[in-house]
2 protein chains.
Amino acid sequence: MASPSRGERPAIILVRPQLGENIGKAARAMLNFGLTEMRLVAPRDGWPNPSAGPAASGADIVLEQAKVYASVADAVADCSHVYATTVRKRGVTKPVLHPAEASREIHGQTGKSAVLFGPERSGLETDDVAVARSIVTVPINPEFGSLNLAQAVILIAYEWSKGEALASPPETDLDPPAPQGELDGMLGQLDGMLEAAGFFFPPDRAPTTRRTLRTLLTKPGWSAQEVRTLRGVLSALDGRKRKRVEQD
Amino acid sequence: MASPSRGERPAIILVRPQLGENIGKAARAMLNFGLTEMRLVAPRDGWPNPSAGPAASGADIVLEQAKVYASVADAVADCSHVYATTVRKRGVTKPVLHPAEASREIHGQTGKSAVLFGPERSGLETDDVAVARSIVTVPINPEFGSLNLAQAVILIAYEWSKGEALASPPETDLDPPAPQGELDGMLGQLDGMLEAAGFFFPPDRAPTTRRTLRTLLTKPGWSAQEVRTLRGVLSALDGRKRKRVEQD
């Protein structure tokens, strides 16, 4: 998905993750946004972990390719750009980036990038953060900060994917607005019906009322097909009247 | 977090959610980013649900304040701006927005906004989507799309929270769209007239035709005043028929 001219896809590095289930969820989060390279530093329960697969909901390729390292230093040895995700401020003298800023950097630079995520309960240790050049912090509710590991991973992966034009950007099936002549035809039909219904009263208000209606019905930007549908509606309402009158 | 001069905080509406655990996780996702208003449409296992609290990890306030509705129409009756989240393309003729675009809209507009999320397995039904003016789609890996409910909620909440830090957007003089309940009133009036006119023929096409009309008439985002004007138009067309019939 990444082309050679753009930044390499970053590695997601889980540092001392505790539960296999969370490793699986992180894999799922990654693959949703096209990230496939997971690295595990000293996973608590060893690797492979039987709880990871079911939680990955099909993102098995990420788990199968995951590599295990004994230390953060080993895991980032080939990385040129290391980011440490933290929630709390730590008084460390490193740039603190929003995920969107970190994502832009990752896309813009050459060389391997990696993003470190700490253990579920405690987050990254100061020594882990020291390895990184920058800190990435997701700004959360100061009164309720409770992002789990997979959620932190998905937000970073999501931001990164924005720079990728991953899935084709959402296409819309919207048709262009109908040519003005077709809209005018509909307005004319309605106008005739309203005229017959005595809607334009008092007569000196008629121009204003007509302008109001035109504004209202121009606002939607209905397509030619939509205008045809509405003319069908008007004809039905009109025909119903005629039919009733004929029947009576 | 929201100030009155900016867009109101959106309501998160879970439509027919299945597991209480997922409702709790969605609440946690919301509160991380400062969203507190959850609405539940026909939760499968009723409400309250004992599985929700533990999964909310402390976001109890969101669950305690959650309101339950029997239908999507009831849940959005006071909302001027309704967004439907979907993953799949549906060939519906509505604008499809990236979460970032939807978030910018929500911050810029007056009147209540709401974002609809479908049930875990199936997502929103076509009839649920028909209520919305726009669709919000998270662009995900075309080869692995597996976002769960809480993840979809957290991405929307995260994007929304970004706009909270921004300067207030330029305000527009446009009136907000009428609350959905007022639009529904107009749709009901038209429907009654069309029913009487024999418009819905053949009968098995009626649901599709009704959906088409709803989509068409939801598209403009007419204000409350505009909806009143249009109801006057409908009443005139209806009254004219009655008058004619009486005169004949």
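A word on the model first. It is predicted, so local features need pLDDT of at least 70 and side-chain atom pairs count only at pLDDT 80 or more, while totals for chains, interfaces and linings use all residues. Residues are numbered from 1 along each chain as written, chains are lettered from A in the order written, and side-chain values use heavy atoms, without hydrogens or water.

Start with helix H5 of chain A, residues 99–108. Helices here are DSSP runs of H or I, at least four residues, and strands are runs of E, at least two, numbered from the N terminus. Which residues of H5 are buried? Pro99(A), Ala100(A), Ala102(A), Ser103(A), Ile106(A) and His107(A). Buried means under 20% relative accessible area, exposed over 50%, with a 1.4 Å probe and protein chains only. Those residues lie on the same side of H5(A), because they cover an arc of only 160° around the axis. The arc is taken from the directions from the helix axis to the C-beta atoms. On the other side, Arg104(A) and Gly108(A) are exposed.

The buried residues of H5(A) pack against several elements, including strand S4 (81–85) of chain A and helix H7 (149–164) of chain B.

Now the interface. 68 residues of chain B are in contact with 67 of chain A, contact being heavy atoms within 4.5 Å. The rule finds 4 salt bridges across it: a side-chain nitrogen of Lys or Arg within 4 Å of a carboxyl oxygen of Asp or Glu. Lys162(B) forms one with Glu159(A), closest N and O atoms 2.4 Å apart. On the side of chain B that touches chain A, H10(B) gives the most, with 13 residues.
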